[in-house]
Amino acid sequence: MAQADVLVVGAGLAGLSAALAAREQGASVMVLERAPREERGGNSRFSIGAMRAVYSGVDDIETLTGDLGAQLRSSVDFGAYTREDYLGDMARVTGRRTDPELARILVDGSTDCMRWLSAKGVRFRPLTQWQFKQADGRIKFAGGSAVGIDGAGAGLAEAMFAAIERSGATIAYGTRAAALIGSEGGITGVRARQVIRKQAARDGSRSIDIAAKSVVLATGGFEANPEWRTRYLGPGWELAKVRGSRFNTGDGLRMALEVGAMPAGNWSGCHSASWDLGAPDVNELPLGAVFKRDDFLYGIMVNARGERFVDEGADIRALTYAKMGRAILAQPGQVAWQVFDNKAAGLLHDEYRAPPSSCRRAGTLTELASDLDGIDRDRFLATVEGFNRAVRRDVPFDPGKKDGRSTAGLDVPKSNWAATIDEPPFTAYPVTCGITFTFGGVRIDQSAQVVDVDGAAIPGLYAAGEMIGGLFYFNYPGGAGLMSAAVFGRLAGRCAALAALQGS
Ligand SMILES: Cc1cc2nc3c(=O)[nH]c(=O)nc-3n(C[C@H](O)[C@H](O)[C@H](O)COP(=O)(O)OP(=O)(O)OC[C@H]3O[C@@H](n4cnc5c(N)ncnc54)[C@H](O)[C@@H]3O)c2cc1C
(Lines give C-alpha, C1' and ligand atoms only; values in the text may rest on other atoms or scores of the structure.)
Protein backbone atom coordinates (compact mmCIF):
# COMPACT_ATOMS: atom_id res chain seq x y z
CA MET A 1 0.00 0.00 0.00
CA ALA A 2 1.28 3.52 -0.86
CA GLN A 3 1.97 5.66 2.18
CA ALA A 4 3.11 9.12 3.22
CA ASP A 5 3.47 11.10 6.43
CA VAL A 6 1.10 13.71 5.02
CA LEU A 7 -1.45 12.99 2.32
CA VAL A 8 -2.89 16.10 0.68
CA VAL A 9 -6.12 15.79 -1.28
CA GLY A 10 -6.52 18.44 -4.01
CA ALA A 11 -3.87 20.34 -5.95
CA GLY A 12 -5.18 23.90 -5.93
CA LEU A 13 -3.40 26.67 -4.06
CA ALA A 14 -4.56 25.35 -0.64
CA GLY A 15 -3.38 21.80 -1.30
CA LEU A 16 -0.09 22.82 -2.90
CA SER A 17 0.64 25.27 -0.06
CA ALA A 18 -0.07 22.48 2.43
CA ALA A 19 2.23 20.10 0.58
CA LEU A 20 5.10 22.62 0.47
CA ALA A 21 4.69 23.55 4.13
CA ALA A 22 4.65 19.89 5.15
CA ARG A 23 7.81 19.23 3.14
CA GLU A 24 9.50 22.14 4.94
CA GLN A 25 8.99 20.22 8.18
CA GLY A 26 10.66 17.17 6.71
CA ALA A 27 7.53 15.06 6.24
CA SER A 28 7.09 12.80 3.24
CA VAL A 29 4.18 14.16 1.18
CA MET A 30 1.85 12.76 -1.44
CA VAL A 31 -0.81 14.81 -3.23
CA LEU A 32 -3.90 13.26 -4.83
CA GLU A 33 -5.44 15.29 -7.65
CA ARG A 34 -8.71 14.32 -9.29
CA ALA A 35 -7.97 16.17 -12.53
CA PRO A 36 -5.65 14.83 -15.19
CA ARG A 37 -2.28 16.63 -15.35
CA GLU A 38 -3.45 18.90 -18.20
CA GLU A 39 -6.33 20.24 -16.08
CA ARG A 40 -4.54 20.40 -12.73
CA GLY A 41 -4.66 23.42 -10.46
CA GLY A 42 -8.34 23.79 -9.55
CA ASN A 43 -10.09 27.14 -9.31
CA SER A 44 -6.74 28.63 -8.37
CA ARG A 45 -5.61 28.15 -11.96
CA PHE A 46 -8.74 29.88 -13.32
CA SER A 47 -8.28 32.87 -11.02
CA ILE A 48 -7.37 36.43 -11.96
CA GLY A 49 -4.63 36.23 -9.34
CA ALA A 50 -5.65 39.20 -7.17
CA MET A 51 -4.44 38.76 -3.59
CA ARG A 52 -5.64 40.69 -0.55
CA ALA A 53 -2.93 41.22 2.03
CA VAL A 54 -1.99 43.77 4.67
CA TYR A 55 0.63 46.29 3.45
CA SER A 56 1.90 49.52 4.88
CA GLY A 57 2.93 51.32 1.71
CA VAL A 58 4.73 51.22 -1.59
CA ASP A 59 7.86 49.62 -0.09
CA ASP A 60 5.88 46.54 0.95
CA ILE A 61 4.53 46.26 -2.58
CA GLU A 62 8.01 46.58 -4.04
CA THR A 63 9.29 43.80 -1.77
CA LEU A 64 6.92 41.49 -3.62
CA THR A 65 7.02 42.89 -7.15
CA GLY A 66 10.65 43.93 -7.43
CA ASP A 67 11.66 47.40 -8.63
CA LEU A 68 8.56 49.36 -9.63
CA GLY A 69 10.53 52.04 -11.42
CA ALA A 70 10.41 55.79 -10.87
CA GLN A 71 7.57 56.32 -13.35
CA LEU A 72 5.18 53.91 -11.63
CA ARG A 73 6.19 55.07 -8.17
CA SER A 74 5.36 58.68 -9.08
CA SER A 75 2.13 58.02 -11.03
CA VAL A 76 0.51 55.62 -8.57
CA ASP A 77 -0.71 56.28 -5.05
CA PHE A 78 -0.48 52.82 -3.48
CA GLY A 79 -1.84 53.96 -0.12
CA ALA A 80 -1.86 51.32 2.61
CA TYR A 81 -4.09 48.50 3.83
CA THR A 82 -3.87 47.95 7.53
CA ARG A 83 -4.77 44.96 9.66
CA GLU A 84 -7.76 46.94 10.92
CA ASP A 85 -8.86 47.77 7.34
CA TYR A 86 -8.75 44.08 6.41
CA LEU A 87 -10.55 42.87 9.54
CA GLY A 88 -13.08 45.69 9.07
CA ASP A 89 -13.78 44.70 5.44
CA MET A 90 -14.16 41.04 6.43
CA ALA A 91 -16.65 41.97 9.14
CA ARG A 92 -18.54 44.49 6.99
CA VAL A 93 -19.08 42.41 3.86
CA THR A 94 -20.06 39.31 5.84
CA GLY A 95 -22.66 41.11 7.94
CA ARG A 96 -20.31 40.73 10.97
CA ARG A 97 -20.67 36.95 10.83
CA THR A 98 -17.12 36.05 9.87
CA ASP A 99 -15.52 33.89 12.57
CA PRO A 100 -13.19 36.38 14.32
CA GLU A 101 -10.51 33.77 14.94
CA LEU A 102 -10.44 32.58 11.33
CA ALA A 103 -10.43 36.18 10.11
CA ARG A 104 -7.54 36.97 12.46
CA ILE A 105 -5.51 33.99 11.17
CA LEU A 106 -6.20 35.06 7.56
CA VAL A 107 -5.32 38.72 8.09
CA ASP A 108 -2.31 38.23 10.36
CA GLY A 109 -0.90 35.53 8.12
CA SER A 110 -1.39 37.44 4.88
CA THR A 111 1.79 39.54 4.56
CA ASP A 112 4.17 36.80 5.61
CA CYS A 113 2.40 34.30 3.35
CA MET A 114 2.87 36.58 0.34
CA ARG A 115 6.62 36.62 1.03
CA TRP A 116 6.56 32.84 1.47
CA LEU A 117 4.83 32.38 -1.91
CA SER A 118 7.35 34.74 -3.46
CA ALA A 119 10.19 32.63 -2.04
CA LYS A 120 8.53 29.57 -3.61
CA GLY A 121 8.75 31.24 -7.01
CA VAL A 122 5.35 32.96 -7.41
CA ARG A 123 5.90 36.33 -9.10
CA PHE A 124 3.77 39.36 -8.29
CA ARG A 125 2.91 42.61 -10.07
CA PRO A 126 1.06 45.72 -8.91
CA LEU A 127 -2.64 45.32 -9.65
CA THR A 128 -3.17 48.69 -11.33
CA GLN A 129 -6.03 47.81 -13.66
CA TRP A 130 -8.72 47.44 -10.96
CA GLN A 131 -8.00 50.65 -9.05
CA PHE A 132 -9.35 54.20 -9.14
CA LYS A 133 -8.29 56.07 -12.28
CA GLN A 134 -7.84 59.82 -11.70
CA ALA A 135 -8.70 62.45 -14.31
CA ASP A 136 -4.97 63.33 -14.67
CA GLY A 137 -4.10 59.70 -15.47
CA ARG A 138 -2.78 58.90 -12.00
CA ILE A 139 -3.97 55.77 -10.25
CA LYS A 140 -5.12 55.65 -6.65
CA PHE A 141 -5.27 52.22 -5.02
CA ALA A 142 -8.62 51.44 -3.45
CA GLY A 143 -6.99 49.31 -0.72
CA GLY A 144 -6.98 45.55 -0.32
CA SER A 145 -5.89 43.65 -3.36
CA ALA A 146 -2.85 45.71 -4.30
CA VAL A 147 -0.84 42.97 -5.98
CA GLY A 148 -1.74 40.23 -8.34
CA ILE A 149 0.08 37.14 -9.54
CA ASP A 150 2.13 37.59 -12.68
CA GLY A 151 0.43 35.43 -15.28
CA ALA A 152 -2.73 35.21 -13.12
CA GLY A 153 -3.91 31.68 -12.27
CA ALA A 154 -1.77 30.09 -14.98
CA GLY A 155 1.34 31.80 -13.61
CA LEU A 156 0.41 30.67 -10.11
CA ALA A 157 -0.02 27.06 -11.19
CA GLU A 158 3.25 27.05 -13.12
CA ALA A 159 5.22 28.40 -10.15
CA MET A 160 3.54 26.21 -7.52
CA PHE A 161 3.83 22.94 -9.46
CA ALA A 162 7.50 23.71 -10.18
CA ALA A 163 8.03 24.28 -6.44
CA ILE A 164 6.28 20.98 -5.68
CA GLU A 165 8.58 19.15 -8.07
CA ARG A 166 11.63 20.74 -6.43
CA SER A 167 10.32 19.89 -2.98
CA GLY A 168 10.23 16.14 -3.50
CA ALA A 169 6.49 15.78 -2.87
CA THR A 170 4.78 13.37 -5.28
CA ILE A 171 1.51 13.98 -7.10
CA ALA A 172 -0.91 11.34 -8.34
CA TYR A 173 -3.12 12.82 -11.09
CA GLY A 174 -6.43 11.35 -12.21
CA THR A 175 -6.85 10.13 -8.64
CA ARG A 176 -10.16 10.94 -6.99
CA ALA A 177 -10.31 10.58 -3.22
CA ALA A 178 -13.52 8.76 -2.33
CA ALA A 179 -13.46 8.12 1.43
CA LEU A 180 -11.38 8.64 4.54
CA ILE A 181 -10.00 5.54 6.23
CA GLY A 182 -9.88 5.63 10.01
CA SER A 183 -10.71 4.19 13.34
CA GLU A 184 -11.52 5.43 16.83
CA GLY A 185 -7.96 6.77 17.01
CA GLY A 186 -8.36 9.04 14.01
CA ILE A 187 -7.78 9.21 10.27
CA THR A 188 -5.17 6.85 8.85
CA GLY A 189 -5.53 7.25 5.12
CA VAL A 190 -7.69 7.69 2.06
CA ARG A 191 -9.43 5.36 -0.37
CA ALA A 192 -9.30 6.70 -3.92
CA ARG A 193 -10.29 5.81 -7.46
CA GLN A 194 -7.44 6.10 -9.91
CA VAL A 195 -7.75 6.35 -13.68
CA ILE A 196 -5.65 3.81 -15.54
CA ARG A 197 -4.47 4.89 -18.94
CA LYS A 198 -4.14 1.89 -21.24
CA GLN A 199 -2.60 2.03 -24.66
CA ALA A 200 -5.12 1.57 -27.49
CA ALA A 201 -7.86 0.77 -25.00
CA ARG A 202 -10.47 2.68 -23.09
CA ASP A 203 -9.40 4.21 -19.78
CA GLY A 204 -10.36 2.15 -16.80
CA SER A 205 -10.05 2.84 -13.09
CA ARG A 206 -9.01 1.00 -9.97
CA SER A 207 -9.51 1.45 -6.25
CA ILE A 208 -6.39 2.25 -4.21
CA ASP A 209 -5.76 2.87 -0.51
CA ILE A 210 -3.06 5.26 0.65
CA ALA A 211 -1.95 5.20 4.30
CA ALA A 212 -1.01 8.46 5.98
CA LYS A 213 -0.34 9.81 9.46
CA SER A 214 -2.14 13.05 8.58
CA VAL A 215 -4.58 13.92 5.81
CA VAL A 216 -5.17 17.47 4.54
CA LEU A 217 -8.43 17.91 2.62
CA ALA A 218 -8.25 20.75 0.09
CA THR A 219 -10.77 19.72 -2.57
CA GLY A 220 -12.56 23.08 -2.96
CA GLY A 221 -16.29 23.59 -2.49
CA PHE A 222 -19.32 22.10 -4.28
CA GLU A 223 -19.72 24.83 -6.91
CA ALA A 224 -19.45 22.39 -9.82
CA ASN A 225 -22.13 20.04 -8.44
CA PRO A 226 -25.56 21.19 -9.72
CA GLU A 227 -27.46 18.80 -7.44
CA TRP A 228 -25.70 20.00 -4.28
CA ARG A 229 -26.07 23.62 -5.42
CA THR A 230 -29.83 23.15 -5.60
CA ARG A 231 -29.83 21.25 -2.33
CA TYR A 232 -27.89 23.83 -0.32
CA LEU A 233 -28.01 27.16 -2.19
CA GLY A 234 -31.62 26.75 -3.27
CA PRO A 235 -33.87 26.33 -6.31
CA GLY A 236 -32.48 27.81 -9.50
CA TRP A 237 -28.83 27.37 -8.55
CA GLU A 238 -28.53 24.33 -10.81
CA LEU A 239 -28.85 26.90 -13.63
CA ALA A 240 -25.80 28.95 -12.61
CA LYS A 241 -22.75 28.76 -14.86
CA VAL A 242 -19.54 27.49 -13.28
CA ARG A 243 -16.70 30.02 -13.53
CA GLY A 244 -13.93 27.63 -12.57
CA SER A 245 -12.94 23.98 -12.24
CA ARG A 246 -15.38 21.19 -13.11
CA PHE A 247 -13.78 18.97 -10.47
CA ASN A 248 -14.97 20.79 -7.34
CA THR A 249 -18.08 18.77 -6.61
CA GLY A 250 -17.91 18.64 -2.81
CA ASP A 251 -16.04 15.33 -2.44
CA GLY A 252 -13.85 16.49 0.45
CA LEU A 253 -16.81 18.01 2.27
CA ARG A 254 -18.81 14.78 1.93
CA MET A 255 -15.84 12.70 3.12
CA ALA A 256 -15.32 14.93 6.16
CA LEU A 257 -19.01 15.00 7.08
CA GLU A 258 -19.12 11.20 6.80
CA VAL A 259 -16.53 10.88 9.59
CA GLY A 260 -18.40 13.32 11.83
CA ALA A 261 -16.92 16.72 10.92
CA MET A 262 -18.91 19.72 12.11
CA PRO A 263 -20.48 21.70 9.27
CA ALA A 264 -19.73 25.41 9.59
CA GLY A 265 -20.48 28.68 7.91
CA ASN A 266 -22.85 29.87 5.22
CA TRP A 267 -24.00 26.64 3.53
CA SER A 268 -26.62 28.50 1.50
CA GLY A 269 -24.11 31.15 0.45
CA CYS A 270 -21.54 31.44 -2.28
CA HIS A 271 -19.36 33.78 -4.29
CA SER A 272 -21.11 34.42 -7.60
CA ALA A 273 -20.50 37.16 -10.13
CA SER A 274 -21.96 38.71 -13.23
CA TRP A 275 -20.91 36.42 -16.12
CA ASP A 276 -21.43 36.53 -19.89
CA LEU A 277 -24.68 34.79 -20.89
CA GLY A 278 -22.87 33.09 -23.78
CA ALA A 279 -20.29 31.42 -21.55
CA PRO A 280 -20.26 27.60 -21.44
CA ASP A 281 -22.17 25.97 -18.55
CA VAL A 282 -18.85 24.96 -17.03
CA ASN A 283 -15.76 26.98 -17.79
CA GLU A 284 -12.74 25.64 -19.64
CA LEU A 285 -9.12 26.49 -18.91
CA PRO A 286 -8.19 28.14 -22.22
CA LEU A 287 -11.10 30.56 -21.82
CA GLY A 288 -10.10 31.69 -18.32
CA ALA A 289 -11.96 34.71 -17.01
CA VAL A 290 -12.85 36.27 -20.36
CA PHE A 291 -16.56 36.08 -19.44
CA LYS A 292 -16.14 38.38 -16.44
CA ARG A 293 -18.58 41.32 -16.50
CA ASP A 294 -17.72 43.37 -13.42
CA ASP A 295 -18.06 46.91 -14.80
CA PHE A 296 -21.73 47.27 -13.83
CA LEU A 297 -20.56 50.28 -11.76
CA TYR A 298 -20.49 52.48 -14.84
CA GLY A 299 -23.94 51.70 -16.24
CA ILE A 300 -27.20 50.13 -15.19
CA MET A 301 -28.40 46.53 -15.01
CA VAL A 302 -31.94 45.72 -16.16
CA ASN A 303 -33.91 42.47 -16.13
CA ALA A 304 -36.35 41.02 -18.67
CA ARG A 305 -39.13 43.20 -17.22
CA GLY A 306 -36.98 46.17 -18.25
CA GLU A 307 -36.42 47.12 -14.60
CA ARG A 308 -33.33 47.80 -12.53
CA PHE A 309 -33.02 45.47 -9.54
CA VAL A 310 -29.77 46.30 -7.75
CA ASP A 311 -27.71 49.31 -6.65
CA GLU A 312 -24.91 49.05 -9.21
CA GLY A 313 -22.80 51.63 -7.37
CA ALA A 314 -23.30 50.51 -3.77
CA ASP A 315 -19.54 50.31 -3.09
CA ILE A 316 -16.23 49.69 -4.81
CA ARG A 317 -16.29 46.70 -7.15
CA ALA A 318 -14.08 44.48 -4.95
CA LEU A 319 -16.71 44.64 -2.22
CA THR A 320 -19.83 44.09 -4.35
CA TYR A 321 -19.06 41.96 -7.42
CA ALA A 322 -19.16 38.65 -5.53
CA LYS A 323 -22.86 39.02 -4.75
CA MET A 324 -24.01 40.19 -8.19
CA GLY A 325 -24.45 36.64 -9.49
CA ARG A 326 -27.06 35.90 -6.84
CA ALA A 327 -28.94 39.12 -7.66
CA ILE A 328 -29.03 38.17 -11.37
CA LEU A 329 -30.04 34.55 -10.68
CA ALA A 330 -33.14 35.87 -8.91
CA GLN A 331 -34.33 37.67 -12.09
CA PRO A 332 -36.75 36.15 -14.66
CA GLY A 333 -34.86 33.69 -16.84
CA GLN A 334 -31.71 34.26 -14.72
CA VAL A 335 -30.77 36.98 -17.21
CA ALA A 336 -29.92 40.69 -17.07
CA TRP A 337 -28.39 43.23 -19.39
CA GLN A 338 -25.64 45.67 -18.48
CA VAL A 339 -26.34 48.87 -20.38
CA PHE A 340 -23.77 51.60 -21.06
CA ASP A 341 -23.51 54.69 -23.20
CA ASN A 342 -20.51 56.14 -24.99
CA LYS A 343 -19.33 58.01 -21.87
CA ALA A 344 -18.65 54.69 -20.15
CA ALA A 345 -16.96 52.99 -23.11
CA GLY A 346 -13.44 53.97 -22.07
CA LEU A 347 -13.98 52.71 -18.52
CA LEU A 348 -14.82 49.12 -19.49
CA HIS A 349 -12.13 46.50 -18.99
CA ASP A 350 -10.58 44.50 -21.85
CA GLU A 351 -12.79 41.43 -21.45
CA TYR A 352 -15.77 43.54 -22.61
CA ARG A 353 -14.01 43.74 -25.99
CA ALA A 354 -12.76 40.12 -26.07
CA PRO A 355 -14.06 37.81 -28.84
CA PRO A 356 -16.65 35.64 -27.01
CA SER A 357 -18.59 38.73 -25.91
CA SER A 358 -22.27 38.77 -26.87
CA CYS A 359 -22.43 42.58 -26.90
CA ARG A 360 -25.37 44.41 -28.54
CA ARG A 361 -24.67 47.89 -29.95
CA ALA A 362 -27.03 50.53 -31.38
CA GLY A 363 -27.23 54.22 -32.24
CA THR A 364 -30.45 54.79 -30.30
CA LEU A 365 -31.95 53.32 -27.16
CA THR A 366 -35.02 52.24 -29.13
CA GLU A 367 -32.87 50.26 -31.56
CA LEU A 368 -30.93 48.78 -28.65
CA ALA A 369 -34.17 47.72 -26.95
CA SER A 370 -35.35 45.89 -30.07
CA ASP A 371 -32.13 43.84 -30.02
CA LEU A 372 -32.51 42.63 -26.41
CA ASP A 373 -34.26 39.26 -26.76
CA GLY A 374 -37.18 38.85 -24.39
CA ILE A 375 -37.03 42.25 -22.70
CA ASP A 376 -40.09 44.44 -22.06
CA ARG A 377 -38.99 47.19 -24.45
CA ASP A 378 -41.37 49.95 -23.35
CA ARG A 379 -40.58 49.37 -19.72
CA PHE A 380 -36.83 49.36 -20.49
CA LEU A 381 -37.07 52.72 -22.27
CA ALA A 382 -39.12 54.14 -19.39
CA THR A 383 -36.55 52.82 -16.89
CA VAL A 384 -33.66 54.54 -18.69
CA GLU A 385 -35.63 57.75 -18.96
CA GLY A 386 -36.52 57.69 -15.25
CA PHE A 387 -32.94 56.83 -14.32
CA ASN A 388 -31.57 59.72 -16.37
CA ARG A 389 -33.99 62.11 -14.67
CA ALA A 390 -32.95 60.86 -11.23
CA VAL A 391 -29.19 61.33 -11.69
CA ARG A 392 -27.94 64.11 -9.40
CA ARG A 393 -26.19 66.81 -11.44
CA ASP A 394 -24.86 68.71 -8.42
CA VAL A 395 -22.17 66.08 -7.68
CA PRO A 396 -19.47 65.53 -10.32
CA PHE A 397 -19.03 62.04 -11.79
CA ASP A 398 -15.58 60.76 -10.81
CA PRO A 399 -14.37 57.20 -11.48
CA GLY A 400 -11.25 58.14 -9.49
CA LYS A 401 -13.00 57.63 -6.16
CA LYS A 402 -16.27 56.60 -4.54
CA ASP A 403 -17.85 59.78 -5.85
CA GLY A 404 -21.22 59.91 -4.07
CA ARG A 405 -22.89 60.82 -7.37
CA SER A 406 -26.18 59.09 -6.73
CA THR A 407 -29.71 59.03 -8.00
CA ALA A 408 -32.53 60.74 -6.16
CA GLY A 409 -36.02 59.36 -5.63
CA LEU A 410 -35.69 55.91 -7.23
CA ASP A 411 -36.99 52.78 -5.50
CA VAL A 412 -33.72 51.08 -6.48
CA PRO A 413 -31.07 53.76 -5.98
CA LYS A 414 -27.63 53.98 -7.50
CA SER A 415 -25.31 55.31 -4.78
CA ASN A 416 -22.14 56.16 -6.72
CA TRP A 417 -21.05 56.72 -10.31
CA ALA A 418 -24.58 57.52 -11.50
CA ALA A 419 -24.29 58.92 -15.02
CA THR A 420 -27.03 59.54 -17.56
CA ILE A 421 -27.33 57.01 -20.39
CA ASP A 422 -27.87 59.37 -23.29
CA GLU A 423 -24.79 59.50 -25.50
CA PRO A 424 -24.68 57.09 -28.47
CA PRO A 425 -23.53 54.54 -29.29
CA PHE A 426 -25.27 52.45 -26.63
CA THR A 427 -24.15 48.96 -25.67
CA ALA A 428 -25.81 46.12 -23.77
CA TYR A 429 -24.15 42.96 -22.48
CA PRO A 430 -26.41 40.01 -21.62
CA VAL A 431 -25.26 38.46 -18.35
CA THR A 432 -26.19 35.64 -16.03
CA CYS A 433 -25.00 34.22 -12.72
CA GLY A 434 -21.53 32.67 -12.67
CA ILE A 435 -20.76 30.74 -9.50
CA THR A 436 -17.18 30.96 -8.25
CA PHE A 437 -17.09 28.99 -5.01
CA THR A 438 -19.34 27.98 -2.12
CA PHE A 439 -19.04 29.33 1.43
CA GLY A 440 -20.27 26.34 3.47
CA GLY A 441 -17.55 24.12 4.87
CA VAL A 442 -16.25 22.29 7.88
CA ARG A 443 -15.19 23.75 11.21
CA ILE A 444 -11.44 23.90 11.83
CA ASP A 445 -9.49 24.94 14.90
CA GLN A 446 -6.42 27.22 15.12
CA SER A 447 -4.22 24.43 13.74
CA ALA A 448 -6.51 23.92 10.72
CA GLN A 449 -7.51 20.59 12.27
CA VAL A 450 -11.06 19.52 11.49
CA VAL A 451 -13.41 19.59 14.49
CA ASP A 452 -16.15 17.01 14.97
CA VAL A 453 -19.81 17.62 15.77
CA ASP A 454 -19.01 17.43 19.48
CA GLY A 455 -16.31 20.07 19.18
CA ALA A 456 -13.27 17.75 19.47
CA ALA A 457 -10.44 17.84 16.93
CA ILE A 458 -10.43 14.75 14.69
CA PRO A 459 -6.93 13.21 15.01
CA GLY A 460 -5.07 13.24 11.71
CA LEU A 461 -7.58 15.34 9.75
CA TYR A 462 -6.96 18.89 8.48
CA ALA A 463 -8.72 21.12 5.94
CA ALA A 464 -7.93 24.28 4.00
CA GLY A 465 -9.09 26.61 1.25
CA GLU A 466 -12.68 26.67 0.03
CA MET A 467 -13.42 23.69 2.27
CA ILE A 468 -13.32 25.62 5.53
CA GLY A 469 -16.56 27.13 6.80
CA GLY A 470 -17.06 30.29 8.80
CA LEU A 471 -14.90 32.80 6.94
CA PHE A 472 -17.25 34.16 4.26
CA TYR A 473 -20.97 34.90 4.51
CA PHE A 474 -23.23 36.49 1.84
CA ASN A 475 -20.32 38.30 0.20
CA TYR A 476 -16.56 38.41 0.07
CA PRO A 477 -13.77 40.96 -0.31
CA GLY A 478 -12.00 40.36 -3.65
CA GLY A 479 -8.60 38.70 -3.34
CA ALA A 480 -9.40 36.93 -0.06
CA GLY A 481 -10.04 33.53 -1.70
CA LEU A 482 -6.49 32.91 -2.86
CA MET A 483 -5.16 34.45 0.36
CA SER A 484 -7.30 32.11 2.43
CA ALA A 485 -6.17 29.12 0.35
CA ALA A 486 -2.50 30.00 0.86
CA VAL A 487 -2.68 30.96 4.56
CA PHE A 488 -4.80 28.03 5.70
CA GLY A 489 -3.09 25.60 3.31
CA ARG A 490 0.30 26.54 4.72
CA LEU A 491 -1.01 26.28 8.30
CA ALA A 492 -2.67 22.91 7.66
CA GLY A 493 0.44 21.49 5.99
CA ARG A 494 2.74 22.61 8.80
CA CYS A 495 0.48 21.35 11.59
CA ALA A 496 -0.30 18.08 9.78
CA ALA A 497 3.42 17.43 9.34
CA LEU A 498 4.30 18.27 12.94
CA ALA A 499 1.58 15.94 14.21
CA ALA A 500 2.66 13.18 11.81
CA LEU A 501 6.32 13.44 12.76
CA GLN A 502 5.58 13.59 16.50
CA GLY A 503 3.54 10.44 16.21
CA SER A 504 6.24 8.49 14.32
C1 LIG B 1 -12.77 32.64 -12.61
C2 LIG B 1 -12.25 32.77 -11.20
C3 LIG B 1 -11.51 33.88 -10.84
C4 LIG B 1 -11.04 34.01 -9.53
N5 LIG B 1 -10.24 35.06 -9.23
C6 LIG B 1 -9.76 35.21 -7.96
C7 LIG B 1 -8.87 36.26 -7.63
O8 LIG B 1 -8.44 37.04 -8.49
N9 LIG B 1 -8.48 36.38 -6.32
C10 LIG B 1 -8.89 35.50 -5.34
O11 LIG B 1 -8.51 35.65 -4.18
N12 LIG B 1 -9.69 34.45 -5.66
C13 LIG B 1 -10.12 34.28 -6.93
N14 LIG B 1 -10.91 33.21 -7.24
C15 LIG B 1 -11.25 32.26 -6.15
C16 LIG B 1 -10.03 31.36 -5.90
O17 LIG B 1 -9.64 30.78 -7.12
C18 LIG B 1 -10.36 30.28 -4.88
O19 LIG B 1 -10.89 30.84 -3.70
C20 LIG B 1 -9.09 29.50 -4.50
O21 LIG B 1 -8.34 29.23 -5.64
C22 LIG B 1 -9.45 28.21 -3.80
O23 LIG B 1 -8.32 27.40 -3.67
P24 LIG B 1 -8.51 25.88 -3.20
O25 LIG B 1 -7.15 25.28 -3.24
O26 LIG B 1 -9.31 25.81 -1.96
O27 LIG B 1 -9.43 25.23 -4.33
P28 LIG B 1 -9.05 24.81 -5.86
O29 LIG B 1 -7.98 25.70 -6.39
O30 LIG B 1 -10.32 24.77 -6.59
O31 LIG B 1 -8.45 23.36 -5.68
C32 LIG B 1 -9.24 22.25 -5.37
C33 LIG B 1 -8.60 21.02 -6.02
O34 LIG B 1 -9.17 19.83 -5.49
C35 LIG B 1 -9.28 18.89 -6.55
N36 LIG B 1 -10.27 17.87 -6.16
C37 LIG B 1 -11.61 18.00 -6.07
N38 LIG B 1 -12.16 16.84 -5.64
C39 LIG B 1 -11.14 15.97 -5.47
C40 LIG B 1 -11.05 14.60 -5.06
N41 LIG B 1 -12.15 13.88 -4.73
N42 LIG B 1 -9.83 14.01 -5.01
C43 LIG B 1 -8.70 14.69 -5.35
N44 LIG B 1 -8.73 15.99 -5.76
C45 LIG B 1 -9.94 16.61 -5.81
C46 LIG B 1 -9.69 19.73 -7.74
O47 LIG B 1 -9.42 19.08 -8.96
C48 LIG B 1 -8.82 20.98 -7.53
O49 LIG B 1 -7.57 20.85 -8.17
C50 LIG B 1 -11.36 33.03 -8.55
C51 LIG B 1 -12.07 31.89 -8.91
C52 LIG B 1 -12.50 31.75 -10.23
C53 LIG B 1 -13.25 30.49 -10.61
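A residue is called buried when its relative accessible area is under 20%. The structure described here is a predicted model. In this model, helix α3 covers residues 58-65, and Ile61, Glu62 and Leu64 are its buried residues. Viewed down the axis of α3, these buried residues fall within an arc of 160°, so they line one face of the helix. An α-helix has 3.6 residues a turn, so residues three or four places apart point the same way. After α3 comes Gly66, with a positive phi near 80°.

Helix α7 runs over residues 152-167 and has 16 residues. From its first C-alpha to its last, α7 reaches 23 Å, which is close to the 22 Å expected at 1.5 Å a residue. The buried residues of α7 are Gly153, Gly155, Leu156, Ala157, Ala159, Met160, Phe161, Ala163, Ile164 and Ser167. The elements against which these buried residues pack are the helices α1 (13-24), α2 (42-46), α6 and α14 (480-503) and the strands β8 and β9 (170-172).

Ala152, which lies in helix α7, has a phi near 50°, a positive value in a residue other than glycine. The relative accessibility of Ala152 is 22%, so this residue counts as partly exposed. Just after α7, Gly168 takes a positive phi of about 90°.

Two packed helices are described by the angle between their axes and the distance between the axes. For helix α5 (residues 83-93) and α6, the angle is about 145° and the axes are 10 Å apart. The crossing of α5 and α6 is right-handed. On the α5 side the contact is made by Arg83, Tyr86, Leu87 and Met90, and on the α6 side by Ala103, Arg104, Leu106, Val107, Asp108 and Ser110. Sorted by class, the residues in this contact of α5 with α6 are six nonpolar, one polar and three charged.

The loop between α5 and α6 holds Arg96. The phi of Arg96 is near 65°, again a positive value in a residue other than glycine. Arg96 has a relative accessibility of 63% and therefore counts as exposed, the cut-off for exposed being over 50%.

Gly325 is located in helix α10, which spans residues 324-329. With a relative accessible area of 0%, Gly325 is buried. When neighbours within four places in sequence are left aside, the contacts of Gly325 are with Ser272, Ala273, Ser274 and Cys433. A further pair, Gly325 and Ser268, is separated by 57 residues in sequence and by 14 Å in space, C-alpha to C-alpha.

A cis peptide bond is found between Pro424 and Pro425, with omega at about 0°. Pro425 lies in the loop that runs between helix α13 (377-390) and strand β19 (426-438).

Methods:
Residues are numbered from 1 along each chain as its sequence is written. This is a predicted model: local features need pLDDT of at least 70, side-chain atom pairs count only at pLDDT 80 or more; totals for chains, interfaces and linings use all residues. Side-chain values use heavy atoms; hydrogens and water are left out. Buried means under 20% relative accessible area, exposed over 50%, partly exposed in between (1.4 Å probe, protein chains only). Helices (H or I, at least four residues) and strands (E, at least two) are DSSP runs, numbered from the N terminus. The arc is that of the directions from the helix axis to the C-beta atoms. The expected span of a helix is 1.5 Å times one less than its number of residues. Contact means heavy atoms within 4.5 Å. Axes are lines fitted to C-alpha atoms, for helices over the stretch in contact, and angles run from 0 to 180 degrees between N-to-C directions. A crossing is left-handed if the near helix is turned anticlockwise from the far one by less than a right angle, and right-handed if clockwise. Ala, Val, Leu, Ile, Met, Phe, Trp, Tyr, Cys and Pro count as nonpolar, Asp, Glu, Lys and Arg as charged, and the others, Gly among them, as polar.
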